[in-house]
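The sequence and structure are shown below for reference.

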Amino acid sequence: MYKLSKYNYILAPNSETSIMFSGVTKKFFLLKRENVSQYVKLLNTFQGLEPISTKYMPFFMKMVNAGFVVEENVDELELIRKEEKKYIEAREYQSIIIPTYDCNYSCWYCTQKHQQTVFGDLSVKKIVKHIVSYIEQNNILAYRLCWFGGEPLMQKDRVLEISNNLYHYCLQNDIAFNGQITTNGALLDEKLIRQLSSVKIDSYQITIDGCREKHNKTKNKNDSSSSFDLILNNIRMLLELNKSSVVVLRYNYNAEKLKDLGMVEQINEIIPYQLRSRIFVDFQKIWQAKQDEIYLNELYALMSLFAQSGYLLSTNAFFSACYVEKKYFETIYYNGKVDYCDNYASNMARGSIGEEGHVSWNSSLTSRMHGNKEYAYCAKCSFYPVCTGECMAKREKRLRLGKEFTCSEKRKQDVEFNILDYCFRCLLNSKYKKI
């Protein structure tokens, strides 16, 4: 006996096409709008039906394999929560280290207050001790080291020193190591690229802010140099020198920046075609931009130009809980402070690393394992498997104030937008890269 999944969605990106999407499997297919009612009617006939007639068997199996139809005794919510638990409790330790809040640019949308900071020898020793101790005490199998800022490469010597210590520790103890850095890319040069490669910093996230003219207005100095050309030429050099490197090219957009189609050709003039398959373009809406001002057809048009040019569109972490929800995650600051959310400034972090690497936590700290989507409301919501839930920082503030959890219509709209965004990227990757 079979039943329809509780987590099927039918969305309409335009007047001609609909998308049927499974929240459980994340599989989907396109339909003409006029055929939607027929598909829904046919799917409904499978509920409680056994056996399935030969006539409908191919379609039925397609729907089962895609997750739109499930066996009647399957508890989908339980299966989803098992996967969530597996993600959250995986023995992979991820730490984001913020070596400075200083930056060589002042992007208008950045929420940070850039300031010069001192990363002393004592802090370096304490941080390395703490991370090694953490790995050993928690029997960690894989370690992910992430550098963030400000601009982390303004403290490049500290980045290299700590990365070198931790990479070789993991190498000697058979612990998988992955090094990542979020940087504006302006400070990369041949020597630094080779140094970072030697300590297995192979994953980069670098932001582009539009065509040459618009990017240079956002990232500028008191000279006539082009940060657009500097950063993209550094990306090209990085990919040529470090054959293991991959770059997430983040594009922070609002409605106006989605019209900037000429940007792709300008990027193509600098990045050779053979390197583009190692660049994952990630479109992220600027937080100040209103969702109802974003037009899907303009987003799709810009994505299409990147895909046609040989770049991949990033599809990672669309529906997973935030990484700060993971059991083995910490944000570590240049001053030896530590927290398990990265939404706190260094002076507000709730833990401090001692001389021997152990952390002293604020006694009023809320348990990090307080369930994000354990609320009764969320358990009943049809968007449960595609909603990332409440931000940890916002949840902790709400709990501190004794307020009840509430959802909103805007959250539903954001989730539906994310589903369509994800489908667009998958479709374009498949169309142009055959993956």
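## Backbone geometry

Asn-139 is located in the loop that runs between α4 and β7. The model is a predicted one, and in it the phi angle of Asn-139 is near 50°, a positive value in a residue other than glycine. Asp-174 also has a positive phi without being glycine, its value being near 55°. This residue belongs to the loop between α5 and β8 (176-182). With a relative accessible area of 72%, Asp-174 is exposed.

A further backbone feature concerns a peptide bond. The bond from Gly-149 to Gly-150 is cis, and its omega is near 25°. Gly-150 is placed in the loop between β7 (142-147) and α5. As background, most residues other than glycine have a negative phi, and most peptide bonds are trans.

## Packing of α6 and α8

Two packed helices are described by the angle between their axes and by the distance between those axes. For helix α6 (residues 190-198) and helix α8 (residues 227-241), the axes come within 10 Å and cross at roughly 45°. Angles under 35 degrees count as roughly parallel, and those from 65 to 115 as roughly perpendicular; α6 and α8 are therefore oblique to each other. Their crossing is right-handed.

Which residues of α6 and α8 meet? On the α6 side they are Glu-190, Ile-193 and Arg-194, and on the α8 side Asn-234, Met-237, Leu-238 and Leu-241.

The structure holds 18 salt bridges. One of them pairs Glu-356 with Lys-129, with 3.7 Å between the closest N and O atoms. Glu-356 lies in the loop between β15 (351-353) and β16 (359-361), while Lys-129 lies in helix α4 (residues 121-137), so this pair ties together parts that are 227 residues apart in sequence.

Are the two partners buried or exposed? Glu-356 has a relative accessibility of 54% and therefore counts as exposed. Lys-129, at 39% relative accessibility, counts as partly exposed.

Arg-158 and Glu-161 form a salt bridge through their side chains, at 3.1 Å from N to O. The two residues are three positions apart in helix α5 (residues 156-172), and so they are separated by about one helical turn. Arg-158 counts as buried, with 15% relative accessibility. Glu-161, by contrast, is partly exposed, its relative accessible area being 33%. Salt bridges with shared partners join Asp-121, Arg-158 and Glu-161 into one network.

## A buried salt bridge

Another salt bridge links Arg-398 to Glu-390, and the closest N and O atoms of this pair are 3.0 Å apart. Where the cut-off for burial is under 20% relative accessible area, both Arg-398 and Glu-390 are buried.

## Summary

In this predicted model, α6 and α8 form a right-handed crossing and are oblique to each other. The backbone features include the cis peptide bond from Gly-149 to Gly-150, the positive phi of Asn-139 and the positive phi of Asp-174.

How values were computed
Residues are numbered from 1 along each chain as its sequence is written. This is a predicted model: local features need pLDDT of at least 70, side-chain atom pairs count only at pLDDT 80 or more; totals for chains, interfaces and linings use all residues. Side-chain values use heavy atoms; hydrogens and water are left out. Axes are lines fitted to C-alpha atoms, for helices over the stretch in contact, and angles run from 0 to 180 degrees between N-to-C directions. Helices (H or I, at least four residues) and strands (E, at least two) are DSSP runs, numbered from the N terminus. Angles under 35 degrees count as roughly parallel, over 145 as roughly antiparallel, 65 to 115 as roughly perpendicular and the rest as oblique. A crossing is left-handed if the near helix is turned anticlockwise from the far one by less than a right angle, and right-handed if clockwise. Contact means heavy atoms within 4.5 Å. A salt bridge is a side-chain nitrogen of Lys or Arg within 4 Å of a carboxyl oxygen of Asp or Glu. Buried means under 20% relative accessible area, exposed over 50%, partly exposed in between (1.4 Å probe, protein chains only).
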